[in-house]
Amino acid sequence: MISQAHIQGIRRIIVTGILCLLLSTLFSPTMSSGAPMTIAERNFQTGLQALRNGDYQVGFAILAPMARQGDRRAQYCLGLLYAQGNYLPQDYAKARQWYGLAANQGHTNAQNNLGLLLKQGNGGPKDLERAYMWFEIAAEHGNINALRNRENVKQELAPERIAFAQNLAASWQPGQQQLPTPDITLEQIAPQSNDTPAPQAAGAGLTIEQLVTETLCGSLFHHCGVRGSAKNKRQQLPGP
């Protein structure tokens with residue numbers, strides 16, 4: 001017959017095992033799919049968390065090399081930093097470049113924001129057909145902002161120009177453009193004072209706190225939202 005002490009010992013072993021399992025789950029870095037994080041994914045999440053916390057210098061130092069190496073999420077982050085003037089000097093031309101690199105790899109928020117810069121002529125020539133093209137591509141992959149922006153720019157185009165833009169969108173394939181990667185070094189950056197209010201960029205893009213992350217093993221266009229603390233929030237980009 002099993003003694004009470006023996007039963008209590010078994011219970012302690014079971015409870016200890018469950019606690020160890022829970023702790024290993026909590027502190028082992030994993031992706032949303034449950035798979036262990038790669039080094040690149042861990043670095044991206046660290047950089048993104050720095051941006052959420054308002055530590056733009058650290059976030060930029062982590063994400064800039066990743067953007068240079070072709071990570072579309074990091075490229076989108078740099079485009080957003082340049083467009084909004086968060087830490088980096090506001091530069092719509094560079095925002096176009098980084099959005100363009102991410103958009104070319106299928107990042108729908110980058111496609112939408114690039115379309116906004118093209119629509120309003122920020123950072124380069126105004127191009128309504130190309131703007132419509134990017135809105136169309138992003139909207140077809142579930143980007144709600146792009147859907148609204150496509151309908152807005154449609155009002156400014158003649159039917160034949162709309163048909164031209166639709167043909168551009170239909171023929172687009174991810175990665176088909178060979179775009180140059182901008183040179184960027186930490187020494188080229190002039191950090192802004194924390195007391196300086198963030199300038200506004202034109203277009204209905206997203207704030208740092210709404211940066212979109214994408215799982216590495218999921219769909220190209222499967223997004224999950226990101227939230228930041230209220231004290232670090234930047235003003236959302238105004239609508240068109």
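Guide: Before we look around, an axis here is a line fitted to C-alpha atoms, for helices over the stretch in contact, and angles run from 0 to 180 degrees between N-to-C directions. The model is predicted, so to speak of local features needs pLDDT of at least 70, side-chain atom pairs count only at pLDDT 80 or more, and totals for chains, interfaces and linings use all residues. Residues are numbered from 1 along each chain as its sequence is written, and side-chain values use heavy atoms, with hydrogens and water left out.

Visitor: What makes up the chain?
Guide: Nine helices and two strands, in the order α-α-α-α-α-α-α-α-α-β-β from the N terminus on. These are DSSP runs numbered from the N terminus: H or I with at least four residues for helices, E with at least two for strands.

Visitor: Why are helix 4 and helix 5 called roughly antiparallel?
Guide: The axes of helix 4 (residues 72–84) and helix 5 (residues 92–104) cross at roughly 160 degrees and come within 8 Å. Angles over 145 degrees count as roughly antiparallel, under 35 as roughly parallel, 65 to 115 as roughly perpendicular and the rest as oblique. Therefore this pair is roughly antiparallel.

Visitor: Which residues make that contact?
Guide: With contact meaning heavy atoms within 4.5 Å, helix 4 brings residues including Tyr76, Leu80 and Ala83, while those of helix 5 include Tyr92, Trp98 and Leu101. By class there are 11 nonpolar, two polar and two charged residues.

Visitor: And what makes helix 3 oblique to helix 4?
Guide: The axes of helix 3 (residues 56–68) and helix 4 cross at roughly 130 degrees, coming within 8 Å. That angle is what makes helix 3 oblique to helix 4. Among the residues in this contact are Phe60 and Leu63 of helix 3, plus Leu78 and Leu81 of helix 4. The tally is 10 nonpolar, one polar and no charged residues.

Visitor: How do you know whether Asn149 is buried or exposed?
Guide: Check its relative accessible area, which is 1%. Buried means under 20%, exposed over 50%, and partly exposed in between, with a 1.4 Å probe and protein chains only. So Asn149 is buried. Asn149 lies in helix 8 (residues 144–154). Across the chain, buried residues make up 42% of the 240 residues.

Visitor: What joins the side chains of Asn149 and Asn112?
Guide: A polar contact of 2.8 Å. The term covers a pair of N or O atoms within 3.5 Å; within protein, one must be able to donate a hydrogen and the other to accept it, and residues adjacent in sequence count only if both atoms are side-chain atoms.

Methods: Nonpolar A, V, L, I, M, F, W, Y, C, P; charged D, E, K, R; others polar.
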